[in-house]
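Dear colleague,

Please find below the structure that I am handing over to you, followed by an account of what was found in it. I would be grateful if you could read the two side by side.

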Amino acid sequence: MNINRMLMLATAVVSLTANAQVKLDDKNANAYDLGYGVEISNFLSTASATTITGEELQQTSATNLAQALYGRLPGLTALSQGGFSGDENKGASFNIRGYHTLSDKSILILVDGYERPIDRLSVEEVESVTILKDAAATALLGHEGINGAILVKTKRGVEGKTHVKVNYSHKFQFDPEFADMVDGYGYANAFNRARHNDGLSAAYTEQELNLFKDGSDPYFYPNVNWRDLTFKNTAEEDHAYVSVYGGTNKVKYYTHIDYTDVRGAFKDTKLPDYNTQLRQSKANIRTNLDFNITNTTLMSVNLFGMFQETKRPSDIGADDATAAIYQLPASAFPYKTSTGIWGGNEAYGDANPIAKIQESGFYKTHQRQLWVDAKLSQKLDFLLNGLNVFVSAGYANSSIYAENSHKAHQYGYERYTGTIGDKNNVALNPFGNKETNLTFSTWNAGQWWKAKASVGINYKRSFFDNDHFNATVVYDNSGVSTDGRGNTFYRQNIMGVFHYDFQNRYVADLVLAGNGSCRTYPSKWAFSPTLSLGWIYADNNDALLNYGKLRASAGIQHTDYMPTYGMWLPHGMFRTVM
């Protein structure tokens with residue numbers, strides 16, 4: 001059985017638009033690149049795709065692209081990951097029309113044609129975002145496109161005088177939302193009822209319940225509002241950028257420098273020697289260049305660098321602190337005992353979020369990402385009118401360096417050894433060891449690299465006055481490596497792409513793709529054909545229904561997103577696949 005084959009996808013969709021803002025005679029409006037270096041307009045495409053412009057994305061208060069996509073594109077589900085924005089993979093999790101694989105469920109995200117993360121991209125540097133939803137749209141993306149794709153197009157220079165754009169904003173975030181928590185008396189009373197329902201004796205006497213209720217003995221019968229002690233009501237963010245763009249008929253340029261400084265909402269983090277507040281300081285530097293080397297030779301180069309530093313308490317992050325609020329009852333223990341050590345006990349251990357914020361030290365990360373890609377196109381009209389070749393290559397890597405300045409603390413609880421309220425008969429049950437000095441350690445907390453190279457030949461011509469024919473043959477080779485041994489994956493694609501449209505009404509696309517991967521067994525290669533047809537039945541700017549299109553597509557897609565552990569091979573052999 002070929003375990004890397006997905007089912008055949010067949011769709012038929014009717015699209016209609018009334019009172020469109022974009023004039024339909026602009027056939028190149030909302031053009032996007034399906035992955036082989038030749039752009040096609042949404043008007044003449046048979047693929048299911050939706051585009052949003054950078055200007056529309058800037059209508060949100062989000063400062064990074066992953067946050068800006070919430071609820072903005074039909075078919076794209078974006079779910080918040082929670083946590084702190086400085087943590088890895090905390091912007092959002094995406095799916096397009098649900099999940100289509102069982103193991104790795106991620107969708108492919110391409111920035112200017114190359115696989116890149118977008119949780120560190122600023123909204124300002126983005127020209128448009130397109131999501132690809134069906135087999136006709138993702139046919140050229142190989143195994144990785146099985147769950148759909150997001151195409152991010154960054155801004156480029158335009159011919160004309162130099163433009164400078166400067167912006168600064170300050171954002172306040174108020175009152176992190178939490179569910180209403182039961183108080184110490186309510187929890188103790190409910191605990192008694194639960195024991196009664198199980199046929200057990202009460203855990204607390206009526207006298208003890210009253211002590212929880214009136215708060216007269218807070219060290220022994222506490223009523224702690226963990227949310228108010230852990231979080232303050234506001235967090236802040238500063239964001240500033242400078243963009244410079246322009247160009248001549250020979251060189252066009254776009255340069256963007258972006259800085260973001262985010263401070264979290266932990267409470268009482270200013271300590272004598274350091275501050276343990278959640279903090280993210282990030283700088284993006286981008287330069288996109290386009291060269292007309294000759295009248296027939298075009299070259300584009302994209303350079304991007306991201307530098308980030310984050311900080312948090314050593315023993316707790318934003319997710320952990322939020323979890324502690326929900327897991328700790330108000331009556332579990334006081335945040336501090338009468339002797340001054342942090343609260344804790346055998347049932348909940350060292351779970352005091354206040355202690356972890358104020359006396360565990362601090363943890364910092366230093367991350368840098370470097371992206372570079374280039375494309376060279378050469379027109380060959382002297383051989384055949386409409387013929388051109390292109391070659392492109394891209395590389396990106398990331399590294400996170402961690403520093404931990406840690407110290408331990410003592411925690412415990414007090415109990416009466418005699419009658420309740422007799423302060424002369426009290427026992428302190430301590431745990432852990434208090435450390436005065438910080439212990440410093442460093443390590444590489446994460447790294448990856450991604451590389452891709454492509455070469456292709458494209459031919460355009462018109463057989464009549466009102467038709468267009470494109471044919472492209474492209475080969476690409478890519479590799480990616482993540483943390484750990486044996487986590488380097490290689491893929492290759494050989495594809496033939498054919499497009500024809502007639503009278504701006506009838507459209508056909510055919511993709512014949514051979515997809516190779518080192519992750520599939522027993523076959524390393526799979527054949528993935530896709531045929532899609534379109535009929536534009538309405539195209540009139542003055543009519544109520546000014547645009548309508550009927551699409552149908554069928555294709556076979558394959559995936560190499562298979563389980564990485566526990567794969568059975570022939571002859572009873574069991575193998576771990578990495």
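K165 and E124 form a salt bridge in this predicted model, with their closest N and O atoms 3.4 Å apart. The pair links distant parts of the chain, as K165 belongs to strand β11 (residues 160–174) and E124 to the loop between β8 (114–115) and β9 (126–132), 41 residues apart. K165 is partly exposed, with a relative accessible area of 31%, whereas E124 is buried, at 5%.

A second salt bridge joins the side chains of D134 and R551, at 3.6 Å from N to O. This pair also links distant parts of the chain: D134 is in the loop between β9 and α3 (135–138), R551 is in strand β26 (residues 545–558), and they are 417 residues apart. Are these two partners buried or exposed? D134 has a relative accessible area of 5% and is therefore buried, given that the cut-off is under 20%. R551 is buried as well, with a relative accessible area of 5%.

The side chains of D228 and R227 meet in a further salt bridge, at 3.7 Å from N to O. Here D228 is partly exposed, with a relative accessible area of 36%, while R227 counts as buried at 13%. Across the whole structure, a search finds 20 salt bridges.

I turn now to the aromatic rings. The structure holds 23 aromatic pairs. One of them is formed by W226 and F333, which is edge-to-face, with 5.4 Å between the centres and 70° between the planes. Because W226 lies in helix α6 (residues 226–230) and F333 in the loop between α7 (318–327) and β16 (342–343), the pair ties together parts that are 107 residues apart in sequence. Both W226 and F333 are buried.

W535 and Y537 make a tilted pair, because their ring centres are 5.6 Å apart and their planes stand at 55°. W535 counts as partly exposed, at 39% relative accessibility, and Y537 is partly exposed at 26%. Ring pairs also link Y187, F191, Y204, F212 and Y221 into a cluster.

Charged side chains also sit over rings. The charged end of K336 is placed over the ring of W342, 4.5 Å from its centre. K450 lies over the face of W448, at 5.2 Å from the ring centre.

Which element gives the most to the nonpolar patch? That element is β25, with three residues. L512 lies in strand β24 and is partly exposed, with a relative accessible area of 35%.

Finally, some values describe the chain as a whole. The chain contains eight helices and 28 strands, and 47% of its 578 residues count as buried. Among contacts between residues at least 6 apart in sequence, 69% join residues at least 24 apart. The chain exposes about 28100 Å², of which carbon and sulfur atoms supply 55%.

Yours sincerely

Note on methods: Residues numbered from 1 in each chain as written. Predicted model: local features only at pLDDT ≥ 70, side-chain atom pairs only at ≥ 80, totals over all residues. Heavy atoms only, no water. Phe/Tyr/Trp six-rings, centres within 6.5 Å; stacked < 30°, edge-to-face > 60°. Helix = DSSP H or I, 4+ residues; strand = E, 2+ residues; numbered from the N terminus. Buried < 20%, exposed > 50% of the residue type's maximum accessible area, 1.4 Å probe, protein only. Lys NZ or Arg CZ within 6 Å of the ring centre and 35° of its normal. Contact = heavy atoms within 4.5 Å. Areas by Shrake-Rupley, 256 points an atom, 1.4 Å probe, with all protein chains shown as cover. Salt bridge = Lys/Arg side-chain N within 4 Å of Asp/Glu carboxyl O.
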